[in-house]
Amino acid sequence: NSATEALAVIVQPKRTTTVTDLETMFRTAGTRWDSKRMYEVLDGLSTNQFPEAISACFKATGFSRQYVVIDELATRWGQTDPQSGLAFAQTLNNWSQRAQVVAGILKGWAENDPTAAATYAKQLPAGQSRSQALGAIASVVAAQNPEAALALMNNLPAGQFGQSVLYPVFRQWVNRS
């Protein structure tokens, strides 16, 4: 009947994709950004493909949205298996790439366990990497509860955070007011 056919169109099984599909997306994106296609490719990747996918993102040339894809992959990894994601991040030699992946993973982890994510971030060496990680966590927590995010950040030792950590908290607070 037509109701069953309509439901079949709405509830389609998730298409399995590969890192090759991701690389093809990079090559064919051109100047037109197709976020629907990006999410279709990312939704079809399994967690065990994330290391290869993130590495492919760092190698892609001429693709202006690499940061978005890397952040999305790292966030998803943090939601499902932050310890594996963090172990992978430690294999990255480039500190900027490592900081980006760690921040994304901690952002995803903070959605499920903000205290554990913050505890991990606090033990990172002082500097831009720690600030970036704490800012990512603050942004996630602040989206749900700005007061809790501020309290979480206030538990840091004096001098451990700056504008990059507090700004996401206050931005979310303003958006809610």
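R15 touches D21, R37 and G44, leaving aside residues up to four places away in sequence; a contact here means heavy atoms within 4.5 Å. The model is predicted, so local features need pLDDT of at least 70 and side-chain atom pairs count only at pLDDT 80 or more, while totals for chains, interfaces and linings use all residues. Residues are numbered from 1 along each chain as its sequence is written, and side-chain values use heavy atoms, with hydrogens and water left out.

R15 lies in the loop between α1 (2-10) and α2 (19-28). Its relative accessible area is 47%, so R15 is partly exposed. The classes are buried under 20% relative accessible area, exposed over 50% and partly exposed in between, with a 1.4 Å probe and protein chains only. The C-alpha atoms of R15 and L45 are separated by 8.9 Å. Along the chain, these two residues are 30 residues apart.

The protein chain holds eleven helices and zero strands. Helices (H or I, at least four residues) and strands (E, at least two) are DSSP runs, numbered from the N terminus. The pattern along the sequence is α-α-α-α-α-α-α-α-α-α-α. Of the 177 residues in the protein chain, 43% are buried. Among contacts between residues at least 6 apart in sequence, 61% join residues at least 24 apart.

Aromatic pairs were then counted. Rings of Phe, Tyr and Trp (its six-membered ring) pair if their centres lie within 6.5 Å; planes under 30 degrees apart count as stacked, over 60 as edge-to-face and the rest as tilted. The count comes to three aromatic pairs. In one of them, the ring centres of F50 and W77 are 5.9 Å apart and the planes stand at 80 degrees, so the pair is edge-to-face. This pair links distant parts of the chain, with F50 in helix α4 (residues 50-59) and W77 in helix α5 (residues 66-80), 27 residues apart. F50 is buried, at a relative accessible area of 4%. W77 also counts as buried, at 4% relative accessibility. The rings of W77 and F88 have centres 5.5 Å apart and planes at 35 degrees, so this pair is tilted. It too links distant parts of the chain: W77 is in helix α5 and F88 in helix α6 (residues 82-89), eleven residues apart. Both W77 and F88 are buried.

Helix α8 (residues 114-122) has the buried residues A117, A118, Y120 and A121. Seen down the axis of α8, these buried residues fall within an arc of 160 degrees, so they line one face of the helix. The arc is that of the directions from the helix axis to the C-beta atoms.

Y120 also belongs to the lining of the largest pocket, together with Q90, W95, R98, A99, V102, L124, P125, A126, G127, Q128 and S129. Two or more lining residues come from each of α7 (95-112) and α9 (128-144). The largest share, four residues, comes from α7. By class, the lining has seven nonpolar, four polar and one charged residues. Ala, Val, Leu, Ile, Met, Phe, Trp, Tyr, Cys and Pro count as nonpolar, Asp, Glu, Lys and Arg as charged, and the others, Gly among them, as polar. About 210 Å³ of space lies in this pocket. On a 1 Å grid over the protein atoms alone, with a 1.4 Å probe, a pocket is an open set of points with protein on both sides within 12 Å along at least five of seven lines; lining residues have an atom within 4 Å of a point. Grid points are joined across faces, edges and corners, and the volume is the space filled by probe spheres set on the points.
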